[in-house]
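Please look at the sequence and the structure below. The paragraphs after them take up a few places, one after another.

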Amino acid sequence: METLRLQVGISDPRSLNRRSRRIKEFDSLKPLRKQSLFPSILRASFSSHSLTRLRYFHCVSKATDSHHNRHNHRHDHHHDDHHHHDHQASHQHQHQHHHDHHHQQQLHNHGGDAKLTRSQEAFLRFAEAVRWTDLANFLREHLELCCCSAALFLAAAACPYLLPKPVVKPLQHLFIIVGFPLVGVSASLDCLIDITGGKINIHVLMALAAFASVFMGNPLEGGLLLAMFNLAHIAEEYFTSRSKIDVKELKENYPDFALVLEVNSKTSPNFSDLYYKEVPVNNLEVGSYILVKAGESIPVDCEVFQGRSTITIEHLTGEVKPVERKVGDSIPGGARNLDGMMIVKAKKTWKESMLSRIMQLTEEAQLSKPKLQRWLDKFGEHYSKVVVVLSVAVAFLGPLVFKWPFISTPVCRGSVYRALGLMVAASPCALAVAPLAYATAISACARKGMLLKGGHVLDAIASCHTIAFDKTGTLTTGEFMCKAIEPIHGHMENGEKFASCCVPSCEKEALAVAAAMEKGTTHPIGRAVVDHSVGKDLPSFSVESFENLPGRGLFATLSTNEPRLGGCEPVKASLGSVEFITSLLNSEDESKKIMEAVSTSSFGSDFVHAALSVNKKVTLFHFEDKPRSGATDVILELQDQAKLHVIMLTGDHESSAWRVANAIGINEVYCNLKPEDKLSHVTSISKNTGGGLIMVGDGINDAPALAAANVGIVLAQRASAAAIAVADVMLLQDNISGVPFCIAKSRQTTSLVKQNVALALSSIFVASLTSVLGFLPLWLTVLLHEGGTLLVCLNSIRALNNPTWSWRQSLLDMVDKFKSIITFQMRHDTHPNTIQAAPL
């Protein structure tokens, strides 16, 4: 790997990641140059739906080869002119690898198995031998051919009304002969593949109905059936793609390579003279120094080492306003550097960075199936077989029971024709897309900076009646500030209480010991202690042994070399809540004295307290923590609009907890709770209230309660890895303003899913009934059936809209939007755009 040298002022502003992105964009546009007649998004939707499942059998070996080739290209990476060709080839292989895996997924979605039956293998060998597969793939990959087929069939249907009788039949036959193979070749191949595999699905039902119509002397209806079925599913795929967040867009926001600076152990990097090498993002190590230029993306979670710039994280958290970052500030991976040049230090590897977690959780959420969808998957296979049986029953029992003719006559439609209509109308297309609202809602939440771990989370949130908040770091800022240090017990010299018994003073010695114990901590109180000690002349202590009891406190044995502090004699100290310190004492009288001293403190009882015991001398630390801005509005909305029972669970003492609760409007508080106490409260509240419980925490000491709750919501920027693993919802923004949105979105989604199921069943029932009774022709039955499917898709897209708390509010919002559109149109018509020549 060649080392590059950068001198400020003459560097090329184009970075490798931007250049490689341009190569990918150029490659993706190549196929569109030949086929620019139709919109690219429709073309993508069409090919993603319709490329045959048999494509998988060709793609497995290609995907493997492309995977190895891509790694070989990246291994032989050089920074010369030849590199660009290798890099482009790597991206072409990567695109092919993604493309092939996409078709494997399509095979799975359509009910195909990766392992073929012997009959399928034999049929596919035959289809390949006669080039049937190649012709089917060619027809599917061209959207214009499908549209041309539909146009030909519609023209054939309109011929009797527009042309003289002598030319109607010949022209209809010509249109049918040309149009039917355009949709029939691929449909027949798909149908036979499924039948040889012992599967009956919507593709089989449609193909059987279409070809049965041809054999019955109605090729026009059969062709219209297939053409409209294909066009309807193209539209369905388009709306489905609209509803899901495009993970590919997120992937384009990070570079393939990072500019890693070569730094000697004796010197630190600076802008005057830099040496760097290009390292794949996946290979970045914690502690690496990375150069980030203007317009580039931050590869991993970093901390600014040198420089100052403005970044945007809108595509990650939904936060629109750009923010400034200076030395010492943290930047999440995937953030865009808008201006300036920075040297950043990697804090996490690629797999642990925010962008990687967002992509992983989003993909997992879209693949995770809610309860309704899992039931429909099991139900659909048996349902299709029942439809076939019922269709056969209608065909053979119709003439016996209802005296229908077996074959259609000019007077009455035959039982076979009615059976084909039932076969088409009763297929569960609309029912299968009913859970689409879940994916749409997950995408809507992701665009707002809220990641859900699947559609089942939306169902769980909608069923909850109680919501519990942790206090510190959730309802409050979590940025503690040490306001006072107060000796309260055991500080005596010559019988005089609270004299200067410590060196240099009781307050400084206590602060020095506490700062040594909390060094490197992530707890908010520990950070406040360390921050308060910075810049002060304190005695030096080193920790010899250390023990952490989560939710309680710390034990430590410390030593010091300063003779005035006792020389080499070890110092035993414990730091934690007042209750924790008093529990360590053997005397109840001493415990009572400490509790009395805390309650009668001259600093009052509104502060958050922590106690330090050093050789039986107890010192009280007073910390101030303010409620989050907007927390009052969130609690008010949850109580008044969402009608939820809001409670607070905290480990702080009673006075501090109620101070925050009264400030933001919470009426039920449980305080002095250890992590196991929070767990028991979450479990008991869920049982006693009869409804589910949502737990919202900052992810510090909250993992057990988050796991036990029906739904766990965590602030991702503060949370530990354990809390993120057990939480159901991650809030990427460091505030709780997204909680009401999640709850409203869950209720909106469950309502939309119920509407979808009702629409699907209604469309199936109406289409089936009218087809069996002979009221509608076959092609109109298809139109009614597919119309119901599209209606369900369109209803699911509504989950992208902002949710409301009631249908009345939704109706008022719709009326307001309609009024604004009419007003805008009237103004536009009243003041047409005119261009007048400027006066000379």
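In this predicted model, the buried residues of helix 23 are S591, I594, A597 and V598. An α-helix has 3.6 residues a turn, so residues three or four places apart point the same way. Viewed along the axis of helix 23, the buried residues lie within an arc of 125 degrees, so they line one face of the helix. On the other side of helix 23 are the exposed residues E588, D589, K592, K593, E596 and S599. What lies over the buried residues? The cover of helix 23 includes strand 13 (481-489), helix 22 (578-583), strand 19 (608-614) and strand 20 (617-624). The length of helix 23 can be checked as well: it runs over residues 588-599, and at 1.5 Å a residue its 12 residues should span 16 Å. Its end C-alpha atoms are 17 Å apart, which agrees.

The next topic is a pair of helices. Two packed helices are described by the angle between their axes and the distance between the axes. For helix 18 (residues 455-462) and helix 29 (residues 738-772), the angle is about 100 degrees and the axes are 8 Å apart. Angles of 65 to 115 degrees count as roughly perpendicular, and helix 18 and helix 29 are therefore roughly perpendicular to each other. Helix 18 contributes L458, D459, I461 and A462 to the contact, while helix 29 contributes C742, I743, S746, R747, T749 and T750. By type, the residues of this contact of helix 18 with helix 29 are five nonpolar, three polar and two charged.

G380 is placed in helix 14 (residues 371-401). Is G380 buried or exposed? Its relative accessibility is 17%, and a residue under 20% is buried, so G380 counts as buried. A432 is 52 residues away from G380 along the chain, yet the C-alpha atoms of G380 and A432 are separated by 7.8 Å.

Most residues other than glycine have a negative phi. K643 has a phi near 60 degrees, a positive value in a residue other than glycine. K643 sits in the loop between helix 24 (631-640) and strand 21 (645-649), and with 64% relative accessibility it counts as exposed. N672 also has a positive phi, near 55 degrees, and is likewise a residue other than glycine. The loop that holds N672 runs between strand 22 (669-670) and helix 26 (675-689). With a relative accessibility of 34%, N672 counts as partly exposed.

Key. Residues numbered from 1 in each chain as written. Predicted model: local features only at pLDDT ≥ 70, side-chain atom pairs only at ≥ 80, totals over all residues. Heavy atoms only, no water. Axes fitted to C-alpha atoms, helices over the stretch in contact; angles between N-to-C directions. Helix = DSSP H or I, 4+ residues; strand = E, 2+ residues; numbered from the N terminus. Parallel < 35°, antiparallel > 145°, perpendicular 65-115°, else oblique. Contact = heavy atoms within 4.5 Å. Nonpolar A, V, L, I, M, F, W, Y, C, P; charged D, E, K, R; others polar. Buried < 20%, exposed > 50% of the residue type's maximum accessible area, 1.4 Å probe, protein only. Expected span 1.5 Å × (residues − 1). Arc of directions from axis to C-beta.
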